[in-house]
Amino acid sequence: MEIKDILNNYGVIGVISNYQNNLNKDKMVIELNINNLNNALKMVGLNDTFINKKVKDLSLSEQTKLDLATKLTNDIIIIGNLANTLNYKDLDFIKKLLLKLNKEYNKKIVVIDNKVDVFFNLTKKIIVLQNKTILYETEDYFDDNLYKYVRMPKIIEFIKYVNKDNKKLDNNIDIYELIKDIYRSVS
Amino acid sequence: MEYKKIIFFNILNNIDEKEVKELFQYLKDNNIVFINITNNVELALLTSYLIIYDNSKIITEGNTLDVLQEEKLLKRFGLSLPFMVELSLLLKDYNLVDKIYLDKESLVDYLWK
């Protein structure tokens, strides 16, 4: 199955792979031909003070947001490298934006990253891609086979470690639910 | 005693955690001072001194564990905590632990003793 077939069934998918944006680093933001530039910048958490800046002078997080701004009018939005460029507040903001783009504007979203945590609360469908070939796909964050290809998130590592001794914690990706679960288990 | 210095800039993020730990241990054993500039908070746990900066300004600095317990300050600047630190702090709120546990084995042993 190809990614475009998978996108027919899922609004948002997570892809484990490498990603690099195609922004022309020598151009100014205004030269990137972004539709409705001011609104696009505002939507991704930037503003019109960025218009005359050169892409290469922006921070990594600003470039990631700008990358998204260039793609807002696409039917399929492919964005990546969020974990290495965004702090947790910005990441939360961009994830909510991506979900809104999918739910309210019917965009298909493909998020490419090397960290599984990025996909939490964004999608359950995860694909491992290498050299344009799908090596593995799953809808279960607790699928051990997934972690042959990528590092296991700490919360999942913890729960699996505890459950090795039959202590019975639920498979949670939310730390607050995990805390409640631990409380119930040890009380 | 003469110290050499190495600065890493975001190059350790995609290296296996076990190998990063081995690298840091090697550097410590050979008295090489290293500065790891990163946005990966988990790597902060492998260091003894932590400086948090934002927009080229130092927000806070000090002993790593002390800095990582300034939860509100760090979150104000959009920084998350290492998983074990966050988990320990939340468990402290529930009075299930009374300190920060940095490794899951010790924490699990304590909780389900």
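The model is predicted.

Chain A first. One helix of chain A that is worth a look is H3, at residues 60-69: seven of its ten residues are buried, so the rest of the structure largely encloses it. The buried residues of H3(A) are A:Ser61, A:Thr64, A:Lys65, A:Leu66, A:Asp67, A:Leu68 and A:Ala69. What they pack against, all in chain A, is helix H2 (37-43), strand E2 (76-80), helix H4 (82-85) and H5.

Now for chain B. It has six helices and four strands, and reading along the sequence gives the pattern β-α-β-α-β-β-α-α-α-α. The C-alpha trace of chain B spans about 45 × 35 × 30 Å along its principal axes. Chain B holds 113 residues, of which 14% count as buried. Looking at contacts in chain B between residues at least 6 apart in sequence, 40% of them join residues at least 24 apart.

Then there is the contact between the chains. Chain A puts in 17 residues and chain B also puts in 17 residues. On the side of chain A that touches chain B, the elements giving two or more residues are helix H5 (88-105), helix H6 (154-163) and H7 of chain A. Sorted by class, that side of chain A comes out as ten nonpolar, three polar and four charged residues.

Two packed helices are described by the angle between their axes and the distance between the axes. As for handedness, H7(A) passes H5(B) in a right-handed crossing. The residues that meet are A:Ile175, A:Ile179 and A:Ile182 in H7(A), and B:Glu86, B:Leu87, B:Leu90 and B:Leu91 in H5(B). By class, this contact of H7(A) with H5(B) has six nonpolar residues, no polar ones and one charged residue. An α-helix has 3.6 residues a turn, so residues three or four places apart point the same way.

Technical notes. Residues numbered from 1 in each chain as written. Chains lettered and ligands numbered in written order. Predicted model: local features only at pLDDT ≥ 70, side-chain atom pairs only at ≥ 80, totals over all residues. Left-handed = near helix turned anticlockwise from the far one by under 90°. Contact = placed C-beta atoms within 7 Å. Nonpolar A, V, L, I, M, F, W, Y, C, P; charged D, E, K, R; others polar. Buried ≥ 20, exposed ≤ 12 C-beta atoms within 10 Å, placed from the backbone.
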